[in-house]
Amino acid sequence: MSLKSFHIVFSVATTVLFIFLTGFYGYLYWWTEEIIHGLVALINLLLTLSGIFYCKNFIEKYKSISNL
């Protein structure tokens, strides 16, 4: 596995993890209405969006390297 493909797989896995955590803490906030769960859900949502942005930019920047 090349470094580029490992980087893409790791970025996608991290983004999926943050999507899961956003849903999990959003669900906790929905039922408990504790502000800390809402804040953690918001932070995870921001990390999800930044992970998507990073992955998109990485793929565009290194699309010339084709050793996947």
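**Reading helix packing and aromatic pairs**

Author: In this predicted model, helix H1 passes helix H2 in a left-handed crossing.

Reader: How is the packing of two helices described, and at what angle do H1 and H2 pack?

Author: Two packed helices are described by the angle between their axes together with the distance between those axes. Here, helix H1, spanning residues 3-32, and helix H2, spanning residues 35-61, pack at about 160°, and their axes lie 8 Å apart. Angles over 145 degrees count as roughly antiparallel, and H1 and H2 are therefore roughly antiparallel to each other.

Reader: Which kinds of residues make up the contact of H1 with H2?

Author: The residues of that contact divide into 18 nonpolar, eleven polar and one charged.

Reader: How is a pair of aromatic rings described, and how many aromatic pairs does the structure hold?

Author: Such a pair is described by the distance of the ring centres and the angle of the planes. The structure holds six aromatic pairs. In one of them, the ring centres of Phe-6 and Phe-10 are 6.1 Å apart and the planes meet at 20°, so the pair is stacked. Both residues belong to helix H1, where they sit four residues apart, about one turn of the helix.

Reader: Are Phe-6 and Phe-10 buried or exposed?

Author: Phe-6 counts as partly exposed at 45% relative accessibility, whereas Phe-10, with a relative accessible area of 51%, is exposed. Another aromatic pair, Phe-58 with Tyr-62, is tilted, with 4.9 Å from centre to centre and 50° between the planes. Of these two, Phe-58 counts as buried at 14% relative accessibility, while Tyr-62, at 30%, counts as partly exposed.

How values were computed. Residues are numbered from 1 along each chain as its sequence is written. This is a predicted model: local features need pLDDT of at least 70, side-chain atom pairs count only at pLDDT 80 or more; totals for chains, interfaces and linings use all residues. Side-chain values use heavy atoms; hydrogens and water are left out. Axes are lines fitted to C-alpha atoms, for helices over the stretch in contact, and angles run from 0 to 180 degrees between N-to-C directions. Helices (H or I, at least four residues) and strands (E, at least two) are DSSP runs, numbered from the N terminus. Angles under 35 degrees count as roughly parallel, over 145 as roughly antiparallel, 65 to 115 as roughly perpendicular and the rest as oblique. A crossing is left-handed if the near helix is turned anticlockwise from the far one by less than a right angle, and right-handed if clockwise. Ala, Val, Leu, Ile, Met, Phe, Trp, Tyr, Cys and Pro count as nonpolar, Asp, Glu, Lys and Arg as charged, and the others, Gly among them, as polar. Rings of Phe, Tyr and Trp (its six-membered ring) pair if their centres lie within 6.5 Å; planes under 30 degrees apart count as stacked, over 60 as edge-to-face and the rest as tilted. Buried means under 20% relative accessible area, exposed over 50%, partly exposed in between (1.4 Å probe, protein chains only).
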